[in-house]
Amino acid sequence: MARSVPHVIAIHGGAGTVNRARMTGRREREYRAGLTAALRAGYAVLDGGGTSLDAVVAAVIVMEDSPLFNAGRGAVFNAAGRHELDAAVMDGATGGAGAVAAARRVRNPVLAARAVMERTPHVLLTGSAADRFARDAGLTLVPPGYFSTTARAVALARARADAAATDADRHGTVGAVARDRNGNLAAATSTGGYTNKLPGRVGDTPLVGAGTYAENASCAVSATGSGEHFMRAVAAHDVAARMRYRRESLADAARHALERVVALGGDGGMIAVDRAGNIAMPFVSKGMYRGWARGGRIHVAIYR
């Protein structure tokens, strides 16, 4: 996409979760409206001269607060019938990163991840300790039932009955990447994991270099899909490494990194932005909820 833009943001709401045959017109409009709202929130930050980190967090919060996406309010259930939430942020200007995994009470895990980055010497906090930290940091905690939706409960029942799992049952994640007016990059990712996962399972989302990565010298990346394969491929960092060491373009680096995930047996997609403001959004599933904003214009897409 076009170069030399002052600021740009891209988001995803999960890859592989799209079944066109079952998608009603109303449901599609709801998803498009949710993506648009997230883009508007993030782009408004950039348009006002804010940082890329502020922008990606703002966009992800909107998706965490929506029951449509598998993050925050609409998170899936694990095998124990509970929600365990993962999130990460990374600042490309400083190399700072923060993450939480298997949190159960913090309303916006992405805010907890940012607090870990900014208020501790650590990168990753897990479980009840992550929730206690979020509480002490002044973040909003909610009852576990806040995250529950009827659709996710039906998906858990289907999984427990060994019925055929849909893509929506298997995975789903939200994320954002951005370049601000100063050329700084950032990435944020948040997820509930996948339906009927083992309690305590942690995927690629909160692991720096696997599902989330940002550095000003190359790119910012947020991934979505079969987390275990993205972890094995260290996929998000692979995009940056290909750009730095092989001098690949953003589009080629993202595509090749995703091909490596597929070679390991995985699927999904990713979004990425480089220091020139180029965007890449490769995916190998039936669709990926995605969108981008630049020059005051917003675009959203679901299918190929």
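Tutor: The turns below go through sheets, cores, helix packing and a few single residues.

Student: What should I know about the model before reading it?

Tutor: This is a predicted model, in which local features need pLDDT of at least 70 and side-chain atom pairs count only at pLDDT 80 or more, while totals for chains, interfaces and linings use all residues. Residues are numbered from 1 along each chain as its sequence is written, and side-chain values use heavy atoms, with hydrogens and water left out.

Student: How do I read a sheet, and what is the strand order in the open sheet of 8 strands?

Tutor: Strands of a sheet pair through backbone hydrogen bonds, either parallel or antiparallel. Helices (H or I, at least four residues) and strands (E, at least two) are DSSP runs, numbered from the N terminus. Two strands count as paired if DSSP finds at least two bridges between them. Here the order is β4-β3-β2-β6-β5-β1-β11-β12, and the pairing is mixed. The edges are β4 (124–126) and β12 (297–303); each has a single partner strand, so one side of each is left without a neighbour in the sheet. On average, neighbouring strands of this sheet are turned by 10 degrees against each other, direction ignored. Such angles run from 0 to 180 degrees between N-to-C directions, and axes are lines fitted to C-alpha atoms, for helices over the stretch in contact.

Student: In which sense do β3 and β4 pair?

Tutor: Strand β3 (residues 97–103) pairs with β4 in the parallel sense, over 3 bridges. Ala99 has Leu124 in β4 as its bridge partner.

Student: How do I tell whether a strand is covered, and how many residues of β5 are buried?

Tutor: Buried means under 20% relative accessible area, exposed means over 50%, and partly exposed lies in between (1.4 Å probe, protein chains only). In a regular strand the side chains alternate between the two faces of the sheet. In β5, 7 of its 7 residues are buried. Thr173, Gly175, Val177 and Arg179 are on one side, and Val174, Ala176 and Ala178 are on the other. As for its partners, β5 pairs with β1 in the antiparallel sense over 5 bridges, and Ile9 stands opposite Ala178. β5 also runs antiparallel to β6, with 7 bridges joining them. These two strands form a hairpin with 5 residues between them, and Gly183 in the turn has a positive phi of about 85 degrees.

Student: What is a nonpolar core, and which residues touch the most other members of the largest one?

Tutor: In soluble globular proteins, nonpolar side chains tend to be buried together. A nonpolar core is a set of buried Ala, Val, Leu, Ile, Met, Phe, Trp, Tyr and Cys residues joined through side-chain atoms within 4.5 Å. The largest core has 45 residues, of which Ile9, Ile11, Val56 and Val89 touch the most other members. Helix α2 (residues 52–64) gives the most to this core, with 7 residues. Apart from it lies another core of 37 residues, including Phe230, Val239, Leu250 and Met281.

Student: How is a pair of packed helices described?

Tutor: Two packed helices are described by the angle between their axes and the distance between the axes. The axes of helix α8 (residues 235–245) and helix α9 (residues 250–263) come within 8 Å and cross at roughly 140 degrees. That makes α8 oblique to α9; angles under 35 degrees count as roughly parallel, over 145 as roughly antiparallel, 65 to 115 as roughly perpendicular, and the rest as oblique. Contact means heavy atoms within 4.5 Å. Among the residues making the contact are Ala235 and Val239 of α8 and Leu250 and Ala257 of α9.

Student: What is the order of the open sheet of 4 strands?

Tutor: Its order is β7-β8-β9-β10, with antiparallel pairing. Strand β8 (residues 219–225) is joined to β9 by 7 bridges. α9 packs on the sheet, touching β8, β9 and β10. Met270 lies in strand β9 (residues 268–274) and is buried, with a relative accessible area of 0%.

Student: Which value of phi does Asn196 have?

Tutor: The phi of Asn196 is positive, about 70 degrees, although Asn196 is not a glycine. Asn196 sits in the loop between β6 (185–191) and β7 (212–214). At 28% relative accessibility, Asn196 counts as partly exposed.
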